[in-house]
Amino acid sequence: MKRVIMIMAIATSVSFATQAINPVEKTINPQEVVTQDEFVVIEVKDLPAPVVESIRKTYAESVIKKAFVTQTEKKTYKVIIVTADQKEVTVLLNEKGEVVE
């Protein structure tokens, strides 16, 4: 009976030792990183006239809350406006006041 208990104890110890020696490797899946142009805050008064006119035509009675611009060759303006019914809307426009999607 002592031999059976000793064999079971040794077998258990060996199985735990094997797991400690061979740790499980975790695989990390790399995620795709997408960079985008950074927008820089600008004063509302610095928005080009075509951008302001386009917003006035499309969103009558709205107020421009914040304005941003990209620092690239082709400037894109990100304008956050508050509509007459107090909803915030973000609009992307180019220098000519055309909507960019």
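Predicted model: local features only at pLDDT ≥ 70, side-chain atom pairs only at ≥ 80, totals over all residues.
1. A quick definition before anything else: two residues are in contact here when heavy atoms of theirs lie within 4.5 Å. Leaving aside residues up to four places away in sequence, Val79 touches Leu47, Val51, Ile55, Ile64, Lys66, Val89, Thr90 and Val91.

2. Val79 also turns up in the largest nonpolar core, which has 13 residues. Leu47, Val51, Ile55, Tyr77 and Val79 are the members that touch the most others in that core. The elements that each supply at least two of its residues are α2 (49-58), β2 (63-70), β3 (76-82) and β4 (88-94).

3. Now the overall layout. There are two helices and four strands, and reading along the sequence you get α-β-α-β-β-β. Among contacts with a separation of 6 or more, 39% join residues 24 or more positions apart.

4. On burial: of the 101 residues in the protein, 21% are buried. The accessible surface is about 8800 Å², and carbon and sulfur atoms account for 56% of that.

5. On to the charged side chains. Side chains of opposite charge can pair when their charged atoms come close. The cut-off for calling a salt bridge is a side-chain nitrogen of Lys or Arg within 4 Å of a carboxyl oxygen of Asp or Glu, and the count by that rule is three.

6. Arg56 and Glu53 pair through their side chains at 3.5 Å, N to O. Both belong to helix α2 and are three residues apart, about one turn of the helix. Arg56 counts as exposed because its relative accessibility is 57%, whereas Glu53 is partly exposed at 38%.

7. Another salt bridge joins two strands. The side chains of Lys65 and Glu88 meet at 2.3 Å, N to O. This pair links distant parts of the chain, with Lys65 in strand β2 and Glu88 in strand β4, 23 residues apart. Lys65 has a relative accessible area of 44%, so it is classed as partly exposed.

8. That leaves Lys87 and Asp85. Which distance separates the closest N and O atoms in the salt bridge between Lys87 and Asp85? They are 4.0 Å apart, and the rule asks for within 4 Å. Lys87 is exposed, with a relative accessible area of 52%, while Asp85 is partly exposed at 49%. The cut-off for exposed is over 50%, which is why Lys87 at 52% gets that label and Asp85 at 49% is partly exposed.

Methods
Residues numbered from 1 in each chain as written. Heavy atoms only, no water. Core = buried A, V, L, I, M, F, W, Y, C linked by side-chain atoms within 4.5 Å. Buried < 20%, exposed > 50% of the residue type's maximum accessible area, 1.4 Å probe, protein only. Areas by Shrake-Rupley, 256 points an atom, 1.4 Å probe, with all protein chains shown as cover.
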